[in-house]
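Here are some exercises to work through with the model open beside you. Try each task before you read its solution.

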Amino acid sequence: MSSSKKQALFIASLVILWYSSNIGVLLLNKLLLSNYGFRFPIFLTMCHMSACAILSYFSIVFFKIVPLQVVKSKAQLLKIATLSVVFCGSVVGGNISLRYLPVSFNQAVGATTPFFTAVFAYLMTFKREAWVTYGALVPVVVGVIIASGGEPGFHLFGFIMCISATAARAFKSVLQGILLSSEGEKLNSMNLLLYMSPIAVLVLLPAALVMEPNVLDVTLELGRKHKYMWLLLLLNSTMAYSANLTNFLVTKHTSPLTLQVLGNAKGAVAVVISIFIFRNPVTFVGIAGYSMTVLGVVAYGEAKRRFR
């Protein structure tokens, strides 16, 4: 087999793993939080972060997937801790929303991330894009408004949590660019995950104990009642790390344009698979709204590339 074919096969395998991990963790989150009676989004996020902390350490320190980058100052550690808290908020908010919203609608709202990123970039760094670029964001927002009106399973609190999680995810990406902008402080995504994950566990553990006080008793009871409960929780947490790792590797081995196209397609695939698995009702208006949002995201990415 030629080297180009081997490279193409390698990238295709990475993309399949990336899709499987991302969609898998999303569907398992929904299954655990809505269908299994495991109603503890904070504790679930803590399990994810614990797996990320342990697996990141082994991947970087022992398997040398990427070179270990050392934190050089208390100021840098404080910046990482700040990012970790925002990251926690976005993941917990997303998991809470899955208790109340179908995965399909959750993905439609999540597709508005570029809108919030553009808003925060403008407010925090005064970075302006061309007016054409901002114009491309209009269908992104209008699409979600239309999808909300056509969503049979719409839940206001779930929607607020989902929008908050999406905004927090965008805020974290802009904040990361500001806080870790100097060459001496920049970390690749895998090293950043290595340092953020333990901090996230320290933040989430007391939050889970206070806000979800019966989590241990209920989890043990569910473990006795459902024989696959512990396996699902372990698989779910491992997939959370795998999603981050494969995202890093796909980013490394593909172009930004390819990554954008793959990312947009991934959301659509997740929507279709979730509808087949959970059988949640969808309407023509909801599908039209989501399609408009995705097309707006595609147009926004193209406008950014052309009018940079």
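**Exercise 1. Classify glutamate 221 by its accessibility, then describe its salt bridge with arginine 224.**

Step 1. Glutamate 221 has a relative accessibility of 37%. Buried means under 20% relative accessible area, exposed over 50%, and partly exposed in between (1.4 Å probe, protein chains only). Glutamate 221 therefore counts as partly exposed.

Step 2. Arginine 224, with a relative accessible area of 63%, is exposed.

Step 3. A salt bridge is a side-chain nitrogen of Lys or Arg within 4 Å of a carboxyl oxygen of Asp or Glu. The side chains of glutamate 221 and arginine 224 meet in one, at 3.1 Å from N to O.

Step 4. Both residues sit in helix α10 (residues 215-225), and because they are three residues apart, about one helical turn separates them. Helices here are DSSP runs of H or I with at least four residues, strands are runs of E with at least two, and both are numbered from the N terminus.

A note on the source: this is a predicted model, in which local features need pLDDT of at least 70 and side-chain atom pairs count only at pLDDT 80 or more, while totals for chains, interfaces and linings use all residues. Residues are numbered from 1 along each chain as its sequence is written, and side-chain values use heavy atoms, with hydrogens and water left out.

**Exercise 2. Trace the salt-bridge network that contains Lys127, and say which parts of the chain glutamate 129 and lysine 304 link.**

Step 1. The salt-bridge rule gives a count of six.

Step 2. Start at lysine 127, whose side chain meets that of glutamate 129 at 3.9 Å, N to O. Lysine 127 is partly exposed, at 43% relative accessible area.

Step 3. Glutamate 129 also forms a salt bridge with lysine 304, at 3.8 Å, N to O. This pair joins distant parts of the chain: glutamate 129 is in the loop between α5 (113-125) and α6 (131-135), lysine 304 is in helix α13, and the two are 175 residues apart.

Step 4. Now compare the surroundings. Glutamate 129 counts as buried because its relative accessibility is 18%, while lysine 304 is partly exposed at 22%.

Step 5. Put together, Lys127, Glu129 and Lys304 are linked in a network of salt bridges.

**Exercise 3. Find the backbone feature of lysine 64 and of phenylalanine 126, and locate each residue.**

Step 1. Begin with the background: most residues other than glycine have a negative phi.

Step 2. Lysine 64 is not a glycine, yet its phi is positive, at about 55°. Lysine 64 is in the loop between α2 and α3 (74-100), and it counts as exposed at 61% relative accessibility.

Step 3. Phenylalanine 126 has a positive phi too, near 60°. Phenylalanine 126 belongs to the loop between α5 and α6, and its relative accessibility of 67% makes it exposed.

**Exercise 4. Which residues form the nonpolar patch on the surface, and where does tyrosine 57 lie?**

Step 1. Patches are made of residues with over 30% relative accessible area and no salt bridge; like charges are joined within 9 Å, and nonpolar side chains (Val, Leu, Ile, Met, Phe, Trp, Tyr) within 5 Å.

Step 2. The members are Ile54, Tyr57, Phe58, Phe62, Phe63 and Ile65, with about 640 Å² of accessible area together. Such areas come from the Shrake-Rupley method with a 1.4 Å probe, and for residues only the protein chains shown count as cover.

Step 3. Tyrosine 57 lies in helix α2 (residues 41-62) and is partly exposed at 42%.

Step 4. Valine 61 is also found in helix α2, and its 24% relative accessible area makes it partly exposed.
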